[in-house]
Amino acid sequence: MTTVTLANMPIDLSHYEAVLLDLDGTIYHEDHALPGAIDLIRRLQKRGQKYACLSNSTNSPQRLADRLKTMGADVQLDHIYTATRALADYVLTMTAPQRRPRIFNLSTEGMHELLDGAVDWVESADQPCDAIVVGSPVSHYAGEDRQRIALLLARQGARVMGFPDRVYPSPRGLEFGSGALTHMLAYAAGVTPILLGKPQATFFNALCQKLGVNPARCVLIGDNLETDILGAKNVGMSTILTLTGITQRSHLSSVGANHQPDHVIDDLTQL
Ligand SMILES: [Mg+2]
């Protein structure tokens, strides 16, 4: 099989300690796998190479594993690292070991599943609250009435915690991401939000620590110049941009050298 990159050189993934795969826009779009994605995951599994699927999705890792399974990829939960998982891990350390954290959910059912039983849920503005976890504006728990409660809680001192995504692609076009709602709430409350997920170095470094690999010996494959490529480059990873998601080839000319990926591919069949 011939593989072609911008530099016209084949890309060999086998010499990396780990291959990190963004999910939305790289492995799948909505409910269908993108070209070459399932084949790539199966090849990584077959040769026993370390890999992880990562996402700023506010779905739980179990839901993402279920989605991958319907597409034909059997990915174990410990190979899926999401911003939701990172945020849940953070939330659970906030008030330990004295008591359980008191949390208002302005996010998804996936977040509810991850934290239920380990936190005390806040449901109204007159309850004490340690933190608000924020998803995208269309999240199950992010309706307008709950946004108003969250605003009061944040103004009373609850920390505002969310994910860095500005936008995400959907069948209707670009949608406001969880980061957009997180910043809107934080701005209205006059507080600084805590963001967990790509492109933060803590997110990539925590994942590499879990995998037992050196970031400089890893490659990340993703569709987003800012959250995937820049984030991974900042911790020393090699990077491959796939044009199946949010970034178009024309975007490359408008960003600086620190945003440029090592390779650009049309889709994963080129790997
Ligand atoms: Mg993506």
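**Notebook: the magnesium site and helix α5**

I looked up D24 and found this residue partly exposed, with a relative accessible area of 28%. I note that the model is a predicted one.

I then examined the magnesium ion. Which residues coordinate the magnesium ion? I recorded D22 and D223, each through OD, and D24 through O, at 2.1 to 2.2 Å. Along the chain, I read the spacing of these donors as D-x1-D-x198-D.

I located α5 at residues 144-155 and noted that the helix has twelve residues. From the first C-alpha to the last, α5 reaches 17 Å, close to the 16 Å expected at 1.5 Å a residue.

Which residues of α5 are buried? I listed R146, A150, L153 and A154. They cover an arc of only 95° around the axis, which means that they lie on the same side of α5. I kept in mind that an α-helix has 3.6 residues a turn, so residues three or four places apart point the same way.

I asked what the buried residues of α5 pack against. My entry names the strands β6 (102-106), β8 (131-134) and β9 (159-162), together with helix α6 (178-189).

On the face of α5 turned away from the buried side, I found the exposed residues E144, D145, R148 and R155.

Finally, I looked just past the end of α5, where G157 takes a positive phi of about 115°.

Notes: Residues are numbered from 1 along each chain as its sequence is written. This is a predicted model: local features need pLDDT of at least 70, side-chain atom pairs count only at pLDDT 80 or more; totals for chains, interfaces and linings use all residues. Side-chain values use heavy atoms; hydrogens and water are left out. Helices (H or I, at least four residues) and strands (E, at least two) are DSSP runs, numbered from the N terminus. The expected span of a helix is 1.5 Å times one less than its number of residues. Buried means under 20% relative accessible area, exposed over 50%, partly exposed in between (1.4 Å probe, protein chains only). The arc is that of the directions from the helix axis to the C-beta atoms. Contact means heavy atoms within 4.5 Å. Donors are N, O and S atoms within 2.8 Å of the metal (3.2 Å for Na, K and Ca); water is not among the atoms, so sites may look incomplete.
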